[in-house]
Structure formats: structure tokens, C-alpha cells
Amino acid sequence: MTSVKGFGPETPALTPEQEALLRNTQVDCYNNLAACLLQRQSVDYARVQEYSLRVLKWRPGDVKALYRAGVATLEMGDAQTAKQYLIQASREQPNDANVRKHLQRAEEKLNRELQKEKAMYRGMFSSGPKSSSREGIDQTNRADAYEVSLGE
């Protein structure tokens, strides 16, 4: 709702310095909220991700937010997106052991998913008859022979 001039509350416009101070305070608060949530016994990774992405919207390239977004996204099952966040964080902090550890976890998960996919396709497109198909044909032939011997 827009207020009619002279009626209702009017908020004064912020100066550029006040805007910057407000944004920095918001970034610090959301970064700290995400950090605190990661320390809990039962972590709400969706909220960690939400707060970290909010920080990244305001301050792209924030290493702490990239790391936390990567951890949360990985724990929520999206290893590919997590890897992207963690790669960005590792560019800024190449010696950070936690970033490297979670980046490795994301890469391992992606590798396991790729191996499962390869195995699935290998099974789908393998050449040669499958033993279960051969057994099914043999059982059908035996059933037909049995029916013939009974005179059906």
C-alpha cells in the first residue's frame, strides 16, 4: 500500500552511507545466523542455504556464504550446485581445509552418482542374451510340453 501524502507513516529516505551500513549489518547477521544453524545438533540446511543465498545476493563472492551455501546444498542432495559454490569459495580461500573437505565430498558424491548411472546403462544396453530371459524361455517350453502331454 502506498501512503497518501500527509497521511500514515512516512519513512525518510536513507542516505547512501546509511544504506551501506544497513546492508553490511544485514550481511553480518545472515552470515552469523547461517553459522549458528550449522552448529546445532539438528541442522536445518534449508534455512542455512536460504540465509547464505541472501548474503550472496547482496555480496556476491562472500567466501563464508559460498562455503555455507555449498555445505547446505550438498547436505540437501544437490552435489553439482554444491560443487559450484565450493569451487568459488576455494578460489578465494585455497588453503581452507573445510572448503577442500566439502569440495572433495561433493566430487565423491558426483562420482558415485556417475558410476551408478553407468552401471544402469551398462545393464540396459549390454549385448548378449540375459540368463533370466533364457530361463524364462526354457520354462515356457517346458510348460507347453507338459500341456501337450496332458492332451490340452
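## Valine 48 in helix H2

Valine 48 is found in helix H2, which covers residues 45–58; helices here are DSSP runs of H or I with at least four residues, numbered from the N terminus. The model is a predicted one, in which local features need pLDDT of at least 70 and side-chain atom pairs count only at pLDDT 80 or more, while totals for chains, interfaces and linings use all residues. Residues are numbered from 1 along each chain as its sequence is written, and side-chain values use heavy atoms, with hydrogens and water left out.

Valine 48 counts as buried because its relative accessibility is 0%, where buried means under 20% relative accessible area, exposed means over 50%, and partly exposed lies in between, with a 1.4 Å probe and protein chains only. Apart from neighbours within four places in sequence, valine 48 is in contact with Ala34, Leu37, Leu38, Val43, Arg68 and Ala72, a contact being heavy atoms within 4.5 Å. For leucine 38, which is ten residues from valine 48 along the chain, the C-alpha atoms of the two residues are separated by 7.1 Å.

## The largest pocket

The largest pocket has a volume of about 260 Å³. A pocket is an open set of points on a 1 Å grid over the protein atoms alone, where a 1.4 Å probe fits, with protein on both sides within 12 Å along at least five of seven lines, and its lining residues have an atom within 4 Å of a point. The volume is the space filled by probe spheres set on the points, which are joined across faces, edges and corners.

There are 14 lining residues, and Leu38, Tyr67, Arg68, Val71 and Asn98 lie nearest the centre of this pocket. Two or more lining residues come from each of helix H1 (16–39), helix H3 (63–75) and helix H5 (97–124), with H3 giving the most, namely five residues.

Threonine 73 belongs to helix H3 and, because its relative accessibility is 2%, counts as buried. Its side chain reaches the backbone oxygen of alanine 69 at 2.6 Å. When residues up to four places away in sequence are not counted, threonine 73 touches Gln49, Asp78, Thr81, Ala82 and Tyr85.

Histidine 102 lies in helix H5, and it also counts as buried because its relative accessibility is 9%. Leaving out residues up to four places away in sequence, histidine 102 touches Tyr67, Val71, Leu74 and Leu86; of these, Tyr67 and Val71 are among the residues nearest the centre of the largest pocket.

Terms used
A polar contact is a pair of N or O atoms within 3.5 Å; within protein, one must be able to donate a hydrogen and the other to accept it, and residues adjacent in sequence count only if both atoms are side-chain atoms.
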